[in-house]
Amino acid sequence: MSGDPAIQERAEEASSLKAGAMDVPALPDASDLPEVEPVIDDEEFNSRVPELGASEDPELDKPLESIADFERRMAGEGESEGARVPEAPVQTVQSLPDDAQTVREIENAPIRDAELSEPLPPLDQFEVTPVEFAEEGGEEQQSEVRYRVELEGLESADEESPTAIKSVFNSLSALKKGDGKANNTAMVSARLEEDAQLLQTLLEADGWYTPRIRTRLAPARDSDEGDLTARISVVPGQRFTFSDIVIEADPTEPEGLIADNMPLKVGEPIVAQRVQGAEARVAVALPQNGYPFAKVGQRDILLDRDTGDGVYTLPVTIGPRGRFGGITTDGDTAFDARHVGVLARFEEGDLYDSRMVDDLRKALIGTSLFSTVAVEPEQTGEVLEDGTEAVRLHVKQDKGPARTIAGSLGYAAGEGITAQAAWTHRNMFPPEGAVSFNGILGTQQMGLGSTFRRSNAGQRDRTLELTAEAFYNDYDAYDAYTGRLAARISRDSTPLWQKRFTYGAGIELIGTAETDYNETTGDRSRRTYYIAGVNGQVGWDTSDSLLDPTKGFRLTTLIQPEATLNKGFNPYLRARIDGSAYYPVTDSLVIAGRVRFGTIQGVGLFDLAPSRRLYAGGGGSVRGFSYQGLGEQAPDDRPIGGRSLNEGSIEARYRFGNYGVVAFVDAGQAYRETMPQFNDIRYGVGIGGRFYTNFGPMRLDVATPINRRPGESSINVYVSIGQAF
């Protein structure tokens, strides 16, 4: 090293210290030191130092207090002001020979750290955390620590517990989620402590309130198992049980209402999930049986750690027993309290039932007129003849946007591409008087229409509908310019309110100009028809979903007495029956089947307007064939329709997550005769895909006909919303 000699000398000394040895140079002789002039002389120094005599402040002459007394005084624990501080004991230290060991006894040394007064842990519980040594460049590179987890002693508790403690622990464990890897040992240790606390919580939730849980982090025995072993040892201890169950509540009517809905029993383990479920059951049962203002208080469980017993106490305030009174409403209202009463399924004076209140709340939401709506019971203080109290329901309304614009796009073989758009005002004529205008444009159809629809018309779930529309259809079987006026009153299912029993009845007037095959001339000509009719429909539905059923069955019958008014009054009857069933083989696989039969009585085939005849084929009928493609064909290879039909389908629907696949076989035929003939049945087979959404599945089906005939497409594609049936 070059440079300053002093620096060179310091560097050599540092090297010597690092090597573990140091040479001590000899001190220079005093005679060799240079002579230095003093800053001040001795006489001046002594004159400036004050004399050490008696002080004017007597406190300065007092002996010093001991450290312990000083600390107690500073903490406010010393003696009162003015008390004399005892003098500290003075020990005489005798001089010892130079070669003797000097020992000084420290009396009353205060212990400020509480941990130092704790007893030492047993050796088998002492945890040793491996020490990591920093290596050169360690700040830039972090070595990964691998570990394995061992859980011991949980087997007996896991077998007794209904909640599978070990399985729940494994799903929530921080060590398990780490997948056996961590950045350092401290991270593994933190996860270990977190899992110990988790395990204690799980055990306490199932009645083991005094478990002993020990954790240990040690080097792994085998390098193949990782760097560390994180071990959790458990001794569950005694499982606590109910020794008494006390319900603090006033008498109810019927008697024992609370006790009958409290499933906890003396002698059973104290399981948190069971306790919470029992309390929730009581909290639900009381409002369902006439107690709208009942409140379940805070439980108290007194544990005896010696016997393992627990005394459970639950205070319940039942409040007054009530009956439904009036209905009030305020806020940004969509309709008045009178119409709210139409939606209610209870009458004034009925015993209060929270299920009816929930049903009313759902009905209000189902109108789609609110952004928020709330229904709450209110006390009136009005006592009725039977001692119950009238309960007023208050509805807080906040109406949402009333206008909607909607659109859809679809494709089906034989129908082509179809686009639809609609504008709707859902409450143009309150209450719930909706007006909509809709249009349709496609490769084979176009039209405009308007509909007035009043939901819950004077009665819950009853709908009144008035329709006026004009449209043009161009199908293989016919093309038609049609105008239609219709009125209908019904009770229908919706995705939110699926009903077991449905009905509908209506009237319609139709004027249509349609092309039809003329058997006399052998060509097609346009004829005008004026049709008047009434219709009635009833349905029974036990399925579990409107758009995606997996179990149950459906049965629907439609009857349409009609008359052609071209040359006098020529009546006839159209009728159809549909049935479908759904069977869940597994949670993922559903077998579904359907049948349909139709007939037209009292009129000749060519006296019927082509649009009023029966056809088979297409996405909602027999897939694999074009829309209305089955049945008797005219010499120009276009269908002429029939007066009867029979159809059937079977599907295997397999779902995985939000996706699904379907294999299906469809069969059917339309006949000139008035009754189904069950001959010349055509079959189509195919597969489909499903994408499941909140409002129902999106459907894409691809099918092909069996024994395909000339003119029939080999592949037919259908796209729609909802299952085929």
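**Exercise 1.** In this predicted model, determine which residue takes a positive phi in the hairpin of β7 and β8, and work out how β8 pairs with the strands around this hairpin.

*Solution.* Begin with the hairpin itself, which has four residues between β7 and β8, and where Gly 308 takes a positive phi near 80°. Next, follow the pairing of the two strands: β7 (residues 300–304) and β8 are antiparallel and share five bridges, with Asp 300 having Thr 313 as its bridge partner in β8. Then turn to β6 (residues 295–296), which also pairs with β8 in the antiparallel sense, over two bridges, and here Lys 295 has Thr 317 as its partner. Finally, consider β5 (residues 241–248), which runs parallel to β8 (residues 309–317) and is joined to it by seven bridges; in β8, Asp 309 stands opposite Thr 241.

**Exercise 2.** Identify the residues that touch the most other members of the largest nonpolar core, and trace which elements contribute to this core.

*Solution.* The core has 21 residues, among which Leu 154, Val 188, Leu 199 and Leu 203 touch the most other members. Two or more residues come from each of β1 (145–152), α5 (165–172), α7 (185–205) and β4 (228–235), and α7 provides the largest share, namely six residues. To examine one member, take Leu 154 and set aside its neighbours within four places in sequence: the remaining contacts are Ile 165, Lys 166, Leu 199, Leu 203 and Val 234.

Notes. Residues are numbered from 1 along each chain as its sequence is written. This is a predicted model: local features need pLDDT of at least 70, side-chain atom pairs count only at pLDDT 80 or more; totals for chains, interfaces and linings use all residues. Side-chain values use heavy atoms; hydrogens and water are left out. Two strands pair if DSSP finds at least two bridges between them. A nonpolar core is a set of buried Ala, Val, Leu, Ile, Met, Phe, Trp, Tyr and Cys residues joined through side-chain atoms within 4.5 Å. Buried means under 20% relative accessible area, exposed over 50%, partly exposed in between (1.4 Å probe, protein chains only). Contact means heavy atoms within 4.5 Å.
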